[in-house]
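Please read the following note with the sequence and the model open beside it. The points are numbered so that each can be checked in turn.

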Amino acid sequence: MCGIVGYIGKRDVAPLLLEGLQRLEYRGYDSAGIAIHAKGAGKAAGGLKTAKAKGRVRELESRLPKRFAGSTGIAHTRWATHGAPTDENAHPHLDTEGRVAVVHNGIIDNAADLRARLTAEGVVFASETDTEVLAHLIGRSTAEKLEERVREALRHIEGTYGIAVLHADFPDRIVVARNGSPVVLGIGEHEMFVSSDVAALVSHTRQVVTLDDGEMATLKADDYRTYTTEGSRTTSAPETVEYAAESYDLGGHDTYMHKEISEQADAVDRALRGRIDDRFSTVHLGGLNLDAREARGVRRVKILGCGTSYHAGQIGAQMIEELARIPSDAEPASEFRYRDPVVDPDTLYVAVSQSGETYDVLAAVQELKRKGARVLGLVNVVGSAIARETDGGIYVHAGPEVCVVSTKCFTNMVVSFALLALHLGRIRDLSVADGKRIIDGLRKLPGQIDEILKGEEEIKKLSAAYADAKSMMFIGRVRGYPVAREASLKLKEVSYIHAEAYPASELKHGPLALIEPAMPTVAIVPDDDLLEKNRAALEEIKARSGRILAVAHQEQEKADHTIIVPKNEPELDPILMGIPLQLLAYHTALALGRDIDKPRNLAKSVTVE
């Protein structure tokens, strides 16, 4: 969940590392730090130079000494797990002699035991972190090569890690390793980079190598080599990153969240491009690696995700049931992997993750694969761990998403599920006419999204009417319920207003007790066969003096305010219903002065449990 960046070459390293940290700050922003090989560093020149600061990267930048020059270094921006955000707990962490520096993403599960053992041996710890044990283990090794010292230390580690290591005695290299937390090498001209995310690399190189779990690498200015933690050489050819540096810039917007909301029409168009087959009223999804006979043998679909991805999976499960008539459901991956689930050979599992590195989802995939299940991945990042470990899948092609709060990736996930549902449906019993109907609806989406976004000023005015709420209720029925859940999450994440989501049918079974004038309700009211049922729920709320904001295809008489959304096919309406509520969350947070791109306590890519 934190950000790592490193460089070895001929350029002044500190500005490069600071730039990389700023691009990675969405991954963690409690504290930040840098370690460099100072010019002339080595056995005769003493240890490494470090600078660390609690807070944002700008705090670190303001603390850098004037003389902080070097051409090799590593840096880190942290999301706290072990120990509060303090200068002492910021990475990099050093060994006792100050000759080893380590930056680390992940969690060392046996850190307490290792800490106790090292303390008994006389080691004095400078921080509360789990990472510091790694620095001491490496520093105490007497192996001849740095690679061997790191490998020896990792043998004692239980847990997840993406690490980068400097050693004062080995100024010509950076050693990195991965187990459950991403590490990406950037291949330049007489210079090498390392990061936990390509976002920190693309302004310098688009040639990257992604390490696998259990893999290490040594970076020197002119070359790199990869090998396993057991020492066997591996072959890792560079791949070209799809998106250029400009894709990670604000592009004239005040925040990444606003930029990414505004990009959704183009993002959906990208997800559809080249996939629609008009001749057979279906879609091409070649990456599934699932032929027609295998698809017809699927008896159940189980979708696994966390947070926003889980909500996308709930909508996806409904689409698959409706269009393909296959029993389907979604479950939080974080729960699934701990409840000893029955793995059915006739069930198709779909793992959903924006980053493709979400640890709970990845661990569920690994457990399913161990039990012989067929698992598809639905991810946004090409070459990510989930993409590599699944049997096939769908790239959602949302483009880089920098804001911690997901918007365009959620929309593209749901669109991708619509493609999967249509594909499975046409292989089974969905008619040509219904296939054409869904395709026509999919093609309308980009234009309808643009139409919704043109109403942003009205939604901004509405947000002022609800920004004073201490708590809000979100309701919807069937297709509308996961939309309500995602909208509730968005408001919580970015505005810090407490919000709850319930099926509208459950109101009278308890939640009505909460309704009062100070508790606004946001109701998802599509113009479908449940319209009158939803209107009855509005009547119940209004009878108890509750304020109502409806998201609907037509004006709702009982609502205080209605956001009108263009109508598509009933199965696709949830895609459009969620977009104005992204804007509502955004403008509510803006009115409250929140740090929109970096909400408190959250990080973009959750690579720890």
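Predicted model: local features only at pLDDT ≥ 70, side-chain atom pairs only at ≥ 80, totals over all residues.

1. Residues are numbered from 1 along each chain as its sequence is written, and side-chain values use heavy atoms, with hydrogens and water left out.

2. Two aromatic pairs are present in the structure, where rings of Phe, Tyr and Trp (its six-membered ring) pair if their centres lie within 6.5 Å, and planes under 30 degrees apart count as stacked, over 60 as edge-to-face and the rest as tilted. Tyrosine 7 and phenylalanine 193 make a tilted pair, with 5.1 Å from centre to centre and 55° between the planes. This pair links distant parts of the chain, since tyrosine 7 belongs to strand 1 (residues 3-8) and phenylalanine 193 to strand 10 (residues 192-195), 186 residues apart; helices (H or I, at least four residues) and strands (E, at least two) are DSSP runs, numbered from the N terminus.

3. Are tyrosine 7 and phenylalanine 193 buried or exposed? Buried means under 20% relative accessible area, exposed over 50%, and partly exposed in between (1.4 Å probe, protein chains only). Tyrosine 7 has 1% relative accessibility and therefore counts as buried, and phenylalanine 193, at 3%, counts as buried too.

4. Phenylalanine 336 and tyrosine 349 form an aromatic pair that is tilted, at 6.2 Å centre to centre and with 55° between the planes. Here phenylalanine 336 lies in helix 10 (residues 333-336) and tyrosine 349 in strand 20 (residues 347-353), 13 residues apart. Phenylalanine 336 is buried because its relative accessible area is 2%, and tyrosine 349 counts as buried at 2% relative accessibility.

5. Helix 3 (residues 111-120) deserves a look down its axis, for Ala111, Leu114 and Leu118 are buried in this helix. Seen in that direction, the buried residues of helix 3 fall within an arc of 65°, so they line one face of the helix; the arc is that of the directions from the helix axis to the C-beta atoms. Ala112, Asp113 and Ala120 are exposed on the other side of helix 3. An α-helix has 3.6 residues a turn, so residues three or four places apart point the same way.

6. Please also check some backbone details. Histidine 91 and proline 92 are joined by a cis peptide bond, with omega about 0°, and proline 92 is found in the loop between strand 4 (70-78) and strand 5 (93-94). Serine 281, although not a glycine, has a positive phi of about 50°; this serine 281 is in the loop between strand 16 (276-277) and strand 17 (282-283), and at 5% relative accessibility serine 281 counts as buried. Serine 545 has a positive phi of about 65° although it is not a glycine, and at 46% relative accessibility serine 545 counts as partly exposed.
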